[in-house]
Number of protein chains: 2
Amino acid sequence: MRARSARGVRRAEPIALRREAKVEAIVAAAWELARAHGIAGISLRDLARAVGIKQPSLYVYFDSKDALYDEMFADGNRQLVARIEALDLPADPRLAVKVFIREWIAFALEDISRYQLLFQRHIPGFTPSPESYALAERALRPLIGLVRDAGAADPGDLDCMIAVVAGLTDAQISNDPTGDRWIRHTDRLIDLLIDHTNQE
Amino acid sequence: MRARSARGVRRAEPIALRREAKVEAIVAAAWELARAHGIAGISLRDLARAVGIKQPSLYVYFDSKDALYDEMFADGNRQLVARIEALDLPADPRLAVKVFIREWIAFALEDISRYQLLFQRHIPGFTPSPESYALAERALRPLIGLVRDAGAADPGDLDCMIAVVAGLTDAQISNDPTGDRWIRHTDRLIDLLIDHTNQE
DNA sequence: GTCTATACATCGATAGAC
DNA sequence: GTCTATCGATGTATAGAC
């Protein structure tokens, strides 16, 4: 009893960490496959091969393929949250909105598969779990206050801001992923939206 | 020789028409399946069953599933072109832009699967053929002149207009297909873009 | 935890008879 | 043109040895 308890206490954490590290390795390999074959083109057999195990062994770490996508969704949003929180936002709220949005767009253009999983509905049947979705909300939450402080206090203003940025980003990714034909208008449109809030 | 030639001349058209009618029936059935199971959820077996033939027989009419998608892409764009060309556009160019865009959005919201095939990259590996793509360009071409006449003559203005409308439409479809939380801002944003052209 | 082996379902696509 | 039969790939999942 005492030995079992001691073992449970002493080894629970390292084991969990080792497992977590393996999950992370699998997710990292999955991102690589996604970049190569598209987010929907991940095959569990390829993924298992990439991490040096056999396909059924993946089920030790994920209950289903959707659970893998959910882990990737959470992972991608954690990356975004880290990027956003590392930003040194200027005091001027209007400029802060622009800096925030620029970082969001840079993140989006960096990895198209990641963008599709996080911000589009590209996987048939996949819906993020509530826990993962909470991460997605956390990434965007700072923008709410910034937009309001910049003078666009109507909820519709935030809707427009996000939709406009998504529209520019989507056109950029779809038609010219390495150029700036669409996103070069971002700052100007942000100014327009702030200067002409929906409330007036 | 003469009989063969006569048969070729006399029957070539009816045969082609019968075949064309069958292709149209298959495409129509495919749209119905897409509405029920999503654009990527069309199975060739279900599609064959819907038109009363067996799955391999579809290959008499389409070389591949992508060829079916291409036919659907062309068909959807022909529907859009017809809708656009049937519009009675007002003389005032700014109002004409709004009427055009309203029709485009109504068309988009009418059938989400059609929207995804025509305006998003939702089918892995599918790229429209040049002929089909020409139809897509034809649907949007009238907007070029309207936007210019309305006072937004810079090419970037048209890019912005399309991207903004797509952003609003996409948010609407993704989050609330039957509501108007995003698209209710359309006219206001069109005015904004026209009043503050990129050239000034 | 990991493996082999296997089952069962789906799918797009092809060969060849009629 | 249409069919039957089949191929090879996929994803999902399980049983049972080690």
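**View 1. Chain B and chain A bury about 2,000 Å² between them.** Carbon and sulfur atoms give 57% of that area. On the side of chain B, the residues that lose the most area to chain A are Asp159(B), Arg188(B) and Leu192(B), together 23% of what that side buries. The contact draws 22 residues from chain B and 22 residues from chain A. Please keep in mind that this is a predicted model.

**View 2. Here we look at a salt bridge between Asp159(B) and Arg181(A).** The closest N and O atoms of this pair are 2.7 Å apart. Two salt bridges are counted between chain B and chain A, along with nine residue pairs in polar contact.

**View 3. Helices of chain B meet chain A.** Helix 7 (155–175) and helix 8 (186–195) each supply at least two residues of the side of chain B that touches chain A. Helix 7 gives the most, with nine residues. Sorted by class, this side of chain B has nine nonpolar, seven polar and six charged residues.

**View 4. Now for DNA strand D, which 18 residues surround.** The closest are Ile42(A), Ser43(A), Lys54(B), Ser57(B) and Tyr61(B).

**View 5. Phosphate oxygens of DNA strand D meet residues of both chains.** One lies 2.6 Å from an N or O atom in the side chain of Tyr61(B). For Lys54(B), a polar backbone atom is 2.7 Å from a phosphate oxygen. In Lys65(A), a side-chain N or O atom is 3.3 Å from a phosphate oxygen.

Definitions and conventions:
Residues numbered from 1 in each chain as written. Chains lettered and ligands numbered in written order. Predicted model: local features only at pLDDT ≥ 70, side-chain atom pairs only at ≥ 80, totals over all residues. Heavy atoms only, no water. Contact = heavy atoms within 4.5 Å. Buried area = accessible area lost by both parts, 1.4 Å probe. Salt bridge = Lys/Arg side-chain N within 4 Å of Asp/Glu carboxyl O. Polar contact = N/O pair within 3.5 Å; in protein donor to acceptor, adjacent residues only side chain to side chain. Helix = DSSP H or I, 4+ residues; strand = E, 2+ residues; numbered from the N terminus. Nonpolar A, V, L, I, M, F, W, Y, C, P; charged D, E, K, R; others polar. Near = heavy atom within 4 Å.
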